[in-house]
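Take a look at the chain below before reading on. Keep it in view while you work through the report.

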Amino acid sequence: MFNLSNETDYKLLSKTKNYYNFFILSILFLFIVIFVRLIILSLDNETNKSQFGKRDTTISILPTIYDLNKKTLAYSSYNFSVKNIRNKVEYLKRDVPQKDILELIYKGDPYIKFEKILTRKYPYSSLTNNLIGHTNIEHQGVSLIEKFINKNRNDIELSLDIQIQKKIHDSLFNDAVYLRPDYAMNVLIDLSSEEIISNVFLDNRDSNRFDQTLLPLKDLKYEFGSVFKTFTVYSAIKNQKIELNEYFDVDQPVYIGDKIINDYPSNSDIPMQVKDILKKSSNRGAILIRRNLDCENEFKIDLDQIGLLKSASIGFDLKSVEPTINNFRGRYCDNIPFGYGLSVTPIQLLNAYGKIITGRNNFQATLEKQKKKNKNQYNQISSTINKLLFYANETNDDLYNEFLVAGKTGTADQSVSNGEKIQNVTYISFFPYNNPKYLNLTFMQNPKEKYGKYMTAGNTVKPTFFNILKEIYMYLDLSIINSESTDI
């Protein structure tokens, strides 16, 4: 205890009181400094808002996009950008890691500021280019599926299987390195669910590259060549205008107007049956088959019913461009049978094959995840076409017989603006032919190399498909394949 009558104790008490006062003043001063600093930071934040708009009050987190197995393909997340405000605002770095931010804070440069920004991230961007789309600076979807999210604020599940997409992407890439096309595409469809489970697009051009506002599956259209011969045979069988054992003399000249139509290479010296017209891809044979049909009242009606003359939907408010009839050789009725005169998108071509080989007239492939499972509705026409395409697709690859792969190749010349001719090569395949479960499109524009003597689909995209199948068949539902007779 202090004794106030004692002069020494009184002086000690006086000093202690001074220390207390100093401590209280120091605490008060520190509080004032912190308060002022908070005000300054608040004013700085308001300044930033005025400089960069009112994004913080208007931007909202977009829903997440998942693949078929709930793997994240697109999501919203915050990141920090570093900016220098010494003279005018200059962004130094975006999406800065936390450790870099802490280092900059430690250095204490008053002109270095940080901005928290909501961004859209794509974990598999290299695999989903030209598919998902993108957002703008206001975090609004502006193309493809991202644009659809503006209308639908729920999370989205795609039919895409990113694991299979990766396998197909890598295999297609390896073939594209050798074949050197301008661009290449592969689409895989589950025929039961009608889901597009993979959609790979590779662009090898140095200029005029597609951006993410374009989905080749719906926005690009071509004349696909001999894959259209299947539709010609389908229509003739459907309207009972040909017999399978009927012969067509393809060695006699066939004209469209005054233009003679040739087969490349020249076919045999004997007339051909329907199955060999498909197998040897005879242009003359396809025209002769069509000439058994009434163009307007039979052939054209069938093309329309299988979806080749109208736009097609692939889900999420995405629709293909309209087909175009090109009457460049006179009568389109004789051009379309062997693959010229009608430009369609890949999705229209796939849907047409889907309808024919499953017997389901309402077949429509989609990018939306489906809960339905459909059974193939076989009829005499679909069964016959499937057998014909298995025979026509004969190849030395072991997987042809192992998985009963049916298909048709197509090679089409295309003129470009400078008058140069380029080639589109296409291979449509499905398997197993006697109970189709999967449908595939492999396409390349203007390959520079080939695996055989001629620059054809059979020497480019057909072997490319079988290379893909080797990589993915263990991930597909192909456990039970019934090898029935393949005689036609």
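**Ground rules**

This is a predicted model, in which local features need pLDDT of at least 70, side-chain atom pairs count only at pLDDT 80 or more, and totals for chains, interfaces and linings use all residues. Residues are numbered from 1 along each chain as its sequence is written, and side-chain values use heavy atoms, with hydrogens and water left out.

**The whole chain**

The protein chain has 15 helices and 14 strands. Here helices (H or I, at least four residues) and strands (E, at least two) are DSSP runs, numbered from the N terminus. Of the 488 residues in the chain, 48% are buried. Buried means under 20% relative accessible area, exposed means over 50%, and partly exposed lies in between (1.4 Å probe, protein chains only).

The accessible surface of the chain is about 25,000 Å². Carbon and sulfur atoms account for 50% of that surface. Such areas come from the Shrake-Rupley method with a 1.4 Å probe; for residues, only the protein chains shown count as cover.

Contact means heavy atoms within 4.5 Å. Take the contacts in the chain with a separation of 6 or more: 68% of them are between residues 24 or more positions apart.

**Salt bridges**

The structure holds 17 salt bridges. A salt bridge is a side-chain nitrogen of Lys or Arg within 4 Å of a carboxyl oxygen of Asp or Glu.

| Pair | Closest N to O |
|---|---|
| Lys 369 and Glu 157 | 3.0 Å |
| Glu 194 and Arg 360 | 3.2 Å |

Start with the salt bridge between Lys 369 and Glu 157. The pair links distant parts of the chain, 212 residues apart. Lys 369 sits in the loop between α12 (346-358) and α13 (380-392), while Glu 157 belongs to strand β5 (residues 156-157). Lys 369 is partly exposed, at 35% relative accessible area. Glu 157 is partly exposed too, at 31%.

Now take the salt bridge between Glu 194 and Arg 360. These two residues lie 166 residues apart. Glu 194 is in the loop between β6 (183-190) and β7 (195-203), and Arg 360 is in the loop between α12 and α13. Glu 194 is buried, with a relative accessible area of 2%. Arg 360 is buried as well, also at 2%.

Salt bridges that share partners join Glu 194, Arg 360 and Lys 372 into one network. Lys 372 is partly exposed, at 37% relative accessible area.

**A buried lysine**

Which side chain of opposite charge is nearest to Lys 408? It is Asp 263, 11 Å away. Lys and Arg count as positive and Asp and Glu as negative; His and the chain ends are not counted. Lys 408 is buried yet has no salt bridge. This lysine is found in strand β12 (residues 406-415).

The side chain of Lys 408 does make a polar contact with the side chain of Ser 281, at 2.9 Å. A polar contact is a pair of N or O atoms within 3.5 Å; within protein, one must be able to donate a hydrogen and the other to accept it, and residues adjacent in sequence count only if both atoms are side-chain atoms. Leaving out residues up to four places away in sequence, Lys 408 touches several others, including Ser 226, Leu 278, Tyr 353 and Ile 428.

**An enclosed helix**

Helix α9 (residues 283-290) is largely enclosed by the rest of the structure, because 7 of its 8 residues are buried. Among the buried ones are Arg 284, Ile 287 and Arg 290. Their cover includes α7 (229-238), α10 (295-305) and α11 (332-335). Ser 282 caps the N-terminal end of α9. A side-chain oxygen of Ser 282 lies 2.9 Å from the backbone nitrogen of Gly 285.

**A buried histidine**

His 139 is found in the loop between β4 (112-121) and α4 (144-149). Is this residue buried or exposed? His 139 is buried, with a relative accessible area of 4%. The side chain of His 139 makes a polar contact with that of Ser 76, at 2.7 Å.
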